[in-house]
Amino acid sequence: MCYMVFGLGGLLSSLTILPVLRYWPGSKQERIARVQRTVSLMFKGFVTMLSAAGVINVSTKNLHLLQRAQGHIVVANHPTLVDVVVLISLMPNAGCIVKQTLWRNPFIRGVLSNVGYIPNRSADLLLQDCKQVLKQDTNLVIFPEGTRTLVGNAINPFARGAANIALRTQTDILPVILHTDVTGLTKQQAWYQIPRQTINMSVEVGHSMRYQHYKVTQGNEAKIARQLTRDLQEFYLNNLSSPLDSYR
Amino acid sequence: MQNRDQILAMLSTILVDEFEIDPADIRPDASLYEELDLDSIDAVDLVIKLQQLTGKKIQPEEFKTVRTVNDVVNAIEGLMQS
C-alpha cells in the first residue's frame, strides 16, 4: 500500500508539480533548490505515512547539523530500503548520484536533472559534476557501503568513492549514523516483506570530518582516500557496535 | 623502459607505493578491479602515473579493455613501440 502511494505519488508529481516548478521563473540554481525542497517535502509526507502505518519510527539526534549543512558530502550507513527517503526528508538541499542508465529513461531524466542529481559517469566526469553541484550548496548523499548492509554485519566494507570525492573536491564529510533496532526492509528480504514489528530508526548526525585534516599533495590522493575510508569505517564500527540507546 | 620485465617492475612499484597493494598479490593474471581492489578513480590515477613515467599519451579508450596486470603491461609495451 505504501509502495503504491510512493509509486503513484512519484508518477503524479513528475507529471504535475515538477514540470510546473521546472518552468517557474528563477535562475537554474533557484529552480534546482526549489525542486530539492519539494522532493524533501514529498519524502517527508511519505515518512509520515510510513510512521502512521507503523512501519518505521524515526527519531533524530543533532539534526540541526544536517539541516544547516551546505555543500557537504553526507555519508550514511545503509541498513534499510527507506534510508535515502528518510535522509532526504530531513534535508531541504539533497543531491544524489544516480545510476547512469536512468538518464536514458526519458520520463525520469527530466526529473533527475531538475533536482540537480548526478549520473555516475566515468570517474573524471563524475568528479566534475560533484564539484559543480557541491558549489551550489547541495549536499551529496553517499552510502559508501554501496548497497544495503548484509544482515548480521554492522556495515559492509566501504567503497572509496565518497572519500575520493571529498578529497578531490575539497569538501567536508558529514557522517550520519542510522541505527535500527529490528532488522527489516533489508537487501536479503523482498521489498514487500514488511516487518511485523515497527523499525525504530535513529538518525544521528555526527560532526563533520574536515578534508583539511588529510594532507593531500599532488599524486598521493589514492593513498589518502584509503586512509580516510578506513577512518570512516572505523567511525561507523565504533558507533554501531552499541545497541540503540534510546530503545534499550 | 623497453622490455616487459621493466614495465612490470614499474607498474608494481606504482601499485605498491600509491595504491597500497600487497606485492605478493601482483601476478600477471591478477584482475585490477576485483583482486587488486582498484576503483574507477584509481584507474584514472594509474593512467596519469603511467603517462608521467612513460612520457606517452594514453587514450582512455585504449585503457577501457584493460582488466589485468598483464593487460596493462601489454598496453604500455604497445605504446612504447609505436
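Mentor: Buried area is the accessible area that two parts lose on being put together, summed over both. Keep in mind that we're looking at a predicted model.

Trainee: Okay, about how much area is buried between chain A and chain B?
Mentor: Start with who touches whom: 10 residues of chain A are in contact with 13 residues of chain B. Carbon and sulfur atoms give 41% of the area buried between the two chains, and the total is about 1100 Å².

Trainee: Which residues of chain A lose the most area to chain B?
Mentor: Look for a trio here. Together they make up 41% of what the chain A side buries, and they are R160(A), K223(A) and R226(A).

Trainee: How many salt bridges are there between chain A and chain B?
Mentor: Take E20(B) and R230(A) as an example: their side chains meet with N to O at 3.1 Å. That counts as a salt bridge because the cut-off is 4 Å. Between chain A and chain B, the count is 6.

Trainee: And which helix gives the most to the side of chain A that touches chain B?
Mentor: Two helices each supply at least two residues to that side, α8 (161–169) and α9 (221–240) of chain A. The one that gives the most, with 4 residues, is α9(A).

Trainee: Switching to the rings, is Y236(A) buried or exposed?
Mentor: Y236(A) forms an edge-to-face aromatic pair with F235(A), 5.5 Å centre to centre and 85° between the planes. F235(A) is partly exposed, because its relative accessibility is 25%. Y236(A) has 0% relative accessibility, so Y236(A) counts as buried.

Terms used. Residues numbered from 1 in each chain as written. Chains lettered and ligands numbered in written order. Predicted model: local features only at pLDDT ≥ 70, side-chain atom pairs only at ≥ 80, totals over all residues. Heavy atoms only, no water. Contact = heavy atoms within 4.5 Å. Buried area = accessible area lost by both parts, 1.4 Å probe. Phe/Tyr/Trp six-rings, centres within 6.5 Å; stacked < 30°, edge-to-face > 60°. Buried < 20%, exposed > 50% of the residue type's maximum accessible area, 1.4 Å probe, protein only.
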